[in-house]
Amino acid sequence: DGADTVCAVLWLYACCEYYAAIRLGDVVAVSNYKVKPITPYAREFAAATCPLEIAINSSHPTAAVTLVPPEVAEPYLPAAGALTHYLQRTELSAQADDASVN
């Protein structure tokens, strides 16, 4: 459903370094990256609602991508089939005080 996803673009040598190591469903920790408006190239592959990309570069800045072991990531992942309810910041004021949102 697109929850908890981001458009991450591996640029140049970072692509060579990380592309073969990351599999669909892997949990990764990314540090030292740039956040910028999504590029036209990335727009072709990203969800329509994703206006930004995380640019993972081999320099300026040098990004680091680390695979998070399943036993470490599992406690933080939503349960299979869990329902989530996300709101935009502008919608929060219209919610009841005891509303449950993510």
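**Note on the predicted model**

1. Thr39 is buried, with a relative accessible area of 17%, where buried means under 20% relative accessible area, exposed means over 50%, and partly exposed lies in between (1.4 Å probe, protein chains only). Thr39 belongs to the loop between β3 and α2 (40–43), and, leaving aside residues up to four places away in sequence, Thr39 touches Trp11 and Glu53, a contact being heavy atoms within 4.5 Å.

2. A word on the basis of these values: this is a predicted model, in which local features need pLDDT of at least 70 and side-chain atom pairs count only at pLDDT 80 or more, while totals for chains, interfaces and linings use all residues. Residues are numbered from 1 along each chain as its sequence is written, and side-chain values use heavy atoms, with hydrogens and water left out.

3. The chain holds three helices and five strands, and along the sequence they follow the pattern β-α-β-β-α-β-β-α. Helices (H or I, at least four residues) and strands (E, at least two) are DSSP runs, numbered from the N terminus. Of the 102 residues in the chain, 17% are buried, and of the contacts with a separation of 6 or more, 61% come from residues 24 or more positions apart.

4. In general, strands of a sheet pair through backbone hydrogen bonds, either parallel or antiparallel. Here β3 and strand β4 (residues 52–56) run antiparallel and are joined by four bridges, and Pro37 stands opposite Leu52 in β4.

5. Val35, which lies in strand β3, is exposed, with a relative accessible area of 52%. Together with Tyr33 and Leu52, Val35 forms a nonpolar patch on the surface, with about 270 Å² of accessible area for the three together. Patches are made of residues with over 30% relative accessible area and no salt bridge, like charges being joined within 9 Å and nonpolar side chains (Val, Leu, Ile, Met, Phe, Trp, Tyr) within 5 Å; a salt bridge is a side-chain nitrogen of Lys or Arg within 4 Å of a carboxyl oxygen of Asp or Glu. Accessible areas come from the Shrake-Rupley method with a 1.4 Å probe, and for residues only the protein chains shown count as cover.

6. The loop between β4 and β5 includes His60 and Pro61, and a cis peptide bond joins His60 and Pro61, with omega about -5 degrees. His60, a residue other than glycine, has a positive phi near 55 degrees, and His60 counts as exposed because its relative accessibility is 67%.

7. Thr66 is found in strand β5 (residues 64–67) and counts as partly exposed at 46% relative accessibility. Residues up to four places away in sequence aside, Thr66 touches Val27, Val28 and Ala29.

Definitions and conventions
Pairing = 2+ DSSP bridges.
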